[in-house]
Amino acid sequence: MSVLFENACAVLMDEKNTVLEGAFVAVEGDKISYVGTDRPQGTFDQVIDAAGKVLMPGLVNAHTHVPMTLMRGYGDGNNLQDWLTKFIFPVEDKWDCRAIHSATALGLAEMIMSGTTCLADMYMFCDEICQEVAAAGINANIARGVTAFDPAADFSTWTSCVETRELVDKWHGYNNGQIRIDACLHGEYTSFSAPQLWDSVAQYAKEKGLGMHIHISETKTEHEECVSRWGMTPVQVMEKHGLWDVRAIAAHCVWTTQDDWAIMAEHGVSAIHNPCSNLKLGSGVAPVIGMRKAGINVALGTDGVSSNNTTDLFEDMKIAAMLQNGVEHDPLALLPSDALRMATVNGAKALGRNTGRIAVGCDADLILVDFDHINLMPRHDVISNLVYAAHGCDVSMNMCRGKVIYKDGEFLTIDIDRVKHEVKEYALPLLFG
């Protein structure tokens, strides 16, 4: 399938943050084959007129818990401990495969319609999540979170570890890399009873060439209790056990230290900033400016809908930029172009993906943003508008891997009416009675 975008205002996300007016962008199969201001020769199976719209790389949501979309707003107004123990954990005990399917499809639909083309998810029931990702056509790094409070937990028999190995055998590299499986330790605080698993998970990731996905220093309590247990921070403990010896993403990093940043930079660990979730839960503000200065790749995530309450990454971009400027008392601390890179180029790097840019040879993960919408007029600065003024509802088209999966309000790979029916008639009654 060949596609040509014409009359586009293309945000290339190259080193110069080029905004190319009157652009032609050609797609052959699942790759971008041409970018320029002259119409490429040849014929195309589909020509898309992008007049009045901005063509940009799809967004990369680098930390999510997709099925938790059904917990949107549930338990709001409680402290973190009560929220988890009285609301979230009891609901999660009720999940079954059918409910996970509908919740995942609903969550993916929300991401797709708001411009996400690639995500990194950490949860359970990952086989069901992979099935929905495959059907939706979106790109995903999927990780089965390993938790263990049993000191006798063994990698060869522990359920979450067994499921990780099964996922790798079945799904890793599916459809030329559409789905990738990452190894995953949920966090130090959910597995400190069985540190022998840390070594096993790290070794398995190295043997299989997998990435790593871990929650790190999200809350002050988590961070300080780890130091009390081991005399080291979560970053330092994970380094000791080899979990940073592969491509790795560390979600949150709110309470990380300068010593942590040096370790992360040395090992190439990407920090995933989740500004909306961290603010809502009162966890604090991640030291993004300090991490960037230390040479750490910082990307963006929404976290679960249960703690955000959306997966609109445009919202997180805006909050990320304004939050750092406010904390630093400097309007230039995090520029709009920096925030946009966090949601595209940096996210792609964090997940080991050939996406996040409009360049020949990159994966054809592209979105159109309708700049005829009132909130995006006028457009004195395209990138500024994308970060400070755009919303997910301004996205008019989503293309993943060269295939249009959403256009003008219509889902082309998800039966959204069926999903809504399943959510209302089965999943919600199951979880909430």
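Here are some exercises with worked solutions on a predicted model.

**Exercise 1. The largest pocket**

Task: Describe the largest pocket by its volume, its lining and the elements that supply that lining.

Solution: 
- Step 1. Start with the space itself: the volume of the largest pocket is about 1100 Å³.
- Step 2. Sort the lining by residue class: 16 are polar, 14 nonpolar and 8 charged.
- Step 3. Trace the lining back to secondary structure. At least two residues each come from helix H1 (80-92), strand S7 (116-123) and helix H7 (220-230). H1 supplies the largest share, with 7 residues.

**Exercise 2. The second largest pocket**

Task: Find which helices and which domains give residues to the lining of the second largest pocket.

Solution: 
- Step 1. The second largest pocket holds about 230 Å³ of space.
- Step 2. Around that space are 15 lining residues, with Thr 310, Asp 312, Glu 315, His 391 and Gly 392 lying nearest the centre.
- Step 3. Two or more lining residues come from each of helix H2 (97-113), helix H12 (313-328) and helix H15 (382-388). Of the contributors, H12 gives the most, namely 4 residues.
- Step 4. By class, the lining of the second largest pocket has 7 nonpolar, 4 polar and 4 charged residues.
- Step 5. Finally, bring in the domains: domain 1 (2-58 + 357-411) and domain 2 (59-351) each provide at least three residues of this lining.

**Exercise 3. A cavity**

Task: How many cavities of 30 Å³ or more does a search of the whole structure find, and what lines the largest cavity?

Solution: 
- Step 1. The search returns 1 cavity of that size, and the space in the largest cavity is about 40 Å³.
- Step 2. Its lining consists of Val 146, Phe 155, Cys 161, Thr 164, Ala 183, Cys 184, Val 201 and Tyr 204.
- Step 3. Classify these residues, and you get 7 nonpolar, 1 polar and no charged.
- Step 4. Helix H4 (159-171), strand S9 (179-187) and helix H6 (196-208) supply at least two lining residues each.

**Exercise 4. Aromatic pairs**

Task: What are the geometries of the pairs Trp 95 and Tyr 123, and Tyr 406 and Phe 411?

Solution: 
- Step 1. Begin with the total: the whole structure contains 8 aromatic pairs.
- Step 2. For Trp 95 and Tyr 123, the centres are 6.5 Å apart and the planes stand at 90 degrees, an edge-to-face pair. Trp 95 sits in the loop between H1 and H2 while Tyr 123 belongs to strand S7, so this pair ties together parts 28 residues apart in sequence. Both Trp 95 and Tyr 123 are buried.
- Step 3. For Tyr 406 and Phe 411, the ring centres lie 5.1 Å apart with the planes at 55 degrees, so this pair is tilted. Tyr 406 and Phe 411 are both buried.
- Step 4. One aromatic cluster to look up as well: Tyr 74, Phe 87 and Phe 432.

**Exercise 5. Backbone details**

Task: Where do the cis peptide bonds between Asn 308 and Asn 309 and between Met 377 and Pro 378 fall, and are Cys 253 and Asp 303 buried or exposed?

Solution: 
- Step 1. Asn 308 and Asn 309 are joined by a cis peptide bond with omega about 25 degrees. Asn 309 is in the loop between strand S13 (298-300) and H12.
- Step 2. Met 377 and Pro 378 are also joined by a cis peptide bond, with omega about -10 degrees. Pro 378 is in the loop between strand S14 (366-370) and H15.
- Step 3. Turn to phi. Cys 253, a residue other than glycine, has a positive phi near 60 degrees, and Asp 303, not a glycine either, has a positive phi of about 65 degrees.
- Step 4. Buried means under 20% relative accessible area. Cys 253, at 0%, is therefore buried, and Asp 303, at 5%, is buried too.

Note on methods:
Residues numbered from 1 in each chain as written. Predicted model: local features only at pLDDT ≥ 70, side-chain atom pairs only at ≥ 80, totals over all residues. Heavy atoms only, no water. 1 Å grid on protein atoms, 1.4 Å probe; cavity = no way out; pocket = protein on both sides within 12 Å on 5 of 7 lines; lining within 4 Å. Points joined across faces, edges and corners; volume = space filled by probe spheres on them. Nonpolar A, V, L, I, M, F, W, Y, C, P; charged D, E, K, R; others polar. Domains from an automatic or database assignment. Phe/Tyr/Trp six-rings, centres within 6.5 Å; stacked < 30°, edge-to-face > 60°. Buried < 20%, exposed > 50% of the residue type's maximum accessible area, 1.4 Å probe, protein only.
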